[in-house]
Amino acid sequence: MLQRIYSLSPRTRLVEWAGRRLLVCDYPLQQFELNESAWRVLSALRPGVPLGDLAAPVTPALTDFLEEKAAQGALLAQYAVTPLADPPTVEVIVPVYANPAGLLRCLEGVARQDYPPRLLRVTVVDDGSPAPVRQALPGAVPAQLTVRWLRLPANEGPASARNA
């Protein structure tokens, strides 16, 4: 997950003056008038604190605004990638029609992936092959894979097999 961390540049300050709220940058010399929402967000920024901990919700419009101010030199931006506590479960659906050797190569390739096997689900859909592909495999399915088998009564094509 990408964490965005913003803070005011050392040359930037928030100023309330004559009823206006301003973001003032000494270098490069510039000033921006802020609405209430922008003022609130910029006032909350803290060095080292991810945006998600400061503002809710973090919208594309908010990140676009902050990225624009960073590009203009008013903000400092840092990015940190934090791994997910647990990656998502991945479902691999393999449609096959009368190609047991190709299916075995495909399953061996899936088994070589660097992904937790407990989070990997494989479904093979035999799309109405004349002879069941499962029985015609030239070798054993890789042991680390748990494969669910589905056989369609008639060949309907790979898209229909994936949808099934």
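Three strands make up an open sheet in the order 2-3-4, with antiparallel pairing, where two strands count as paired if DSSP finds at least two bridges between them. Its edge strands are strand 2 (12-17) and strand 4 (30-33), each of which pairs on one side only, and neighbouring strands of the sheet are turned by 25° against each other on average, direction ignored. Strands (E, at least two residues) and helices (H or I, at least four) are DSSP runs, numbered from the N terminus.

This is a predicted model, in which local features need pLDDT of at least 70 and side-chain atom pairs count only at pLDDT 80 or more, while totals for chains, interfaces and linings use all residues. Residues are numbered from 1 along each chain as its sequence is written, and side-chain values use heavy atoms, with hydrogens and water left out.

**Pairing and turns in the sheet**

- Strand 2 and strand 3 run antiparallel and are joined by six bridges, with Thr 12 standing opposite Cys 25 in strand 3.
- These two strands form a hairpin with two residues between them, and Ala 18, in the loop between strand 2 and strand 3, has a phi near 50°, a positive value in a residue other than glycine.
- Ala 18 is exposed, with a relative accessible area of 65%; exposed stands for over 50% relative accessible area, buried for under 20%, and partly exposed for what lies in between (1.4 Å probe, protein chains only).
- Strand 3 (residues 20-25) is joined to strand 4 by four bridges, and the two run antiparallel; Cys 25 has Gln 30 as its bridge partner in strand 4, while Leu 22 stands opposite Glu 33.
- The hairpin from strand 3 to strand 4 passes through four residues, and Pro 28 is found in this loop, joined to Tyr 27 by a cis peptide bond with an omega of about -5°.

**Helix 1**

- Helix 1 (residues 36-44) lies across strand 2 and strand 3, running at about 135° to strand 2; axes are lines fitted to C-alpha atoms, for helices over the stretch in contact, and angles run from 0 to 180 degrees between N-to-C directions.
- Ala 38, Trp 39, Val 41 and Leu 42 are the buried residues of helix 1, and they pack against strand 2, strand 3, helix 3 (60-71) and strand 5 (75-81), contact meaning heavy atoms within 4.5 Å.
- At the start of helix 1, a side-chain oxygen of Asn 35 reaches to within 3.2 Å of the backbone nitrogen of Ser 37.

**Helix 3**

- The 12 residues of helix 3 should span 16 Å at 1.5 Å a residue, and the end C-alpha atoms are 16 Å apart, which agrees; the expected span is 1.5 Å times one less than the number of residues.
- Leu 62, Thr 63, Leu 66, Lys 69 and Ala 70 are buried in helix 3, and they cover an arc of only 125° around the axis, which puts them on the same side of the helix; the arc is that of the directions from the helix axis to the C-beta atoms.
- The face turned away from this buried side carries the exposed residues Pro 60, Ala 61, Asp 64 and Ala 71.
- Among the elements that the buried residues of helix 3 pack against are strand 1 (2-8), helix 1 and helix 2 (51-54).
- Just after helix 3, Gly 73 takes a positive phi of about 90°.

- Ala 98, in the loop between strand 6 (90-96) and helix 4 (100-111), has a positive phi of about 50° although it is not a glycine, and Ala 98 is partly exposed, with a relative accessible area of 43%.

Methods
A polar contact is a pair of N or O atoms within 3.5 Å; within protein, one must be able to donate a hydrogen and the other to accept it, and residues adjacent in sequence count only if both atoms are side-chain atoms.
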